[in-house]
Amino acid sequence: MADLIYGNALSLDLIIPTHNRSKLLKKCLESVFRAAVPRNFEVKVYVVDNNSTDDTKAVVERFAQANYLFVGRAGKSAALNDALAQTGSALVGLIDDDETIDPKWFEVAYQEFSSSPDLDYIGGSCEGDWEKQAPD
């Protein structure tokens with residue numbers, strides 16, 4: 001557990017890759033910054049713009065706490081690899097731009113990782129915004 005703790009707090013970097021879906025990204029970021037963060041949990045949010053041509057950067061700039069990273073190489077893997085290289089926390093969270101998180105998302109992550117020092121991974125249900133009827 002010692003390598004997860006910085007100062008007196010547990011630390012997590014949340015990475016959100018995106019490409020030309022600024023409307024969905026806005027909803028995603030609203031849910032992220034609406035979620036409760038425990039007092040001893042340091043969270044940094046990284047939005048990784050994978051060469052978008054829409055107003056993605058302007059959307060991210062509306063959220064002062066979000067870090068904007070631009071990746072010109074095409075592909076989600078390029079975006080994730082570049083973002084992972086810039087993170088500094090032992091814990092990394094990954095969500096997509098079409099997801100919204102539960103208001104207790106950070107609280108659950110903090111509780112699980114702080115109470116189980118051998119825990120390497122947690123996951124949960126993932127409900128994306130299809131923008132249209134979801135496939136069968």
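Guide: Here are the questions, each answered with a value and a definition.

Guide: This is a predicted model, where local features need pLDDT of at least 70, side-chain atom pairs count only at pLDDT 80 or more, and totals for chains, interfaces and linings use all residues. Residues are numbered from 1 along each chain as its sequence is written, and side-chain values use heavy atoms, with hydrogens and water left out.

Visitor: How do you know that the span of helix 1 agrees with 1.5 Å a residue?

Guide: Helices are DSSP runs of H or I with at least four residues, strands are runs of E with at least two, and both are numbered from the N terminus. The expected span is 1.5 Å times one less than the number of residues. Helix 1 has 13 residues, 22-34, so it should span 18 Å. Its end C-alpha atoms are 18 Å apart, which agrees.

Visitor: Which residues of helix 1 are called buried, and what do they pack against?

Guide: Buried means under 20% relative accessible area, exposed over 50%, and partly exposed in between, with a 1.4 Å probe and protein chains only. In helix 1, Ser22, Leu24, Leu25, Cys28, Leu29, Ser31 and Val32 are buried. They pack against strand 2 (9-18), strand 3 (41-49), helix 2 (56-61) and helix 4 (105-115). Contact here means heavy atoms within 4.5 Å.

Visitor: What puts the buried residues of helix 4 on the same side?

Guide: Phe106, Ala109 and Phe113 are buried in helix 4. They cover an arc of only 60 degrees around the axis, so they sit on the same side of helix 4. The arc is taken from the directions from the helix axis to the C-beta atoms. The cover over these buried residues includes strand 2, helix 1, strand 3 and strand 5.

Visitor: Why is Asn20 called partly exposed?

Guide: Its relative accessible area is 31%, so Asn20 counts as partly exposed. Asn20 lies in the loop between strand 2 and helix 1.

Visitor: What makes the phi of Asn20 worth a remark?

Guide: Phi of Asn20 is near 55 degrees, a positive value in a residue other than glycine. Most residues other than glycine have a negative phi.

Visitor: Why is Asn51 called partly exposed, and where is it?

Guide: Asn51 has a relative accessible area of 36%, so it is partly exposed. Asn51 is in the loop between strand 3 and helix 2. Phi of Asn51 is near 65 degrees, also a positive value in a residue other than glycine.
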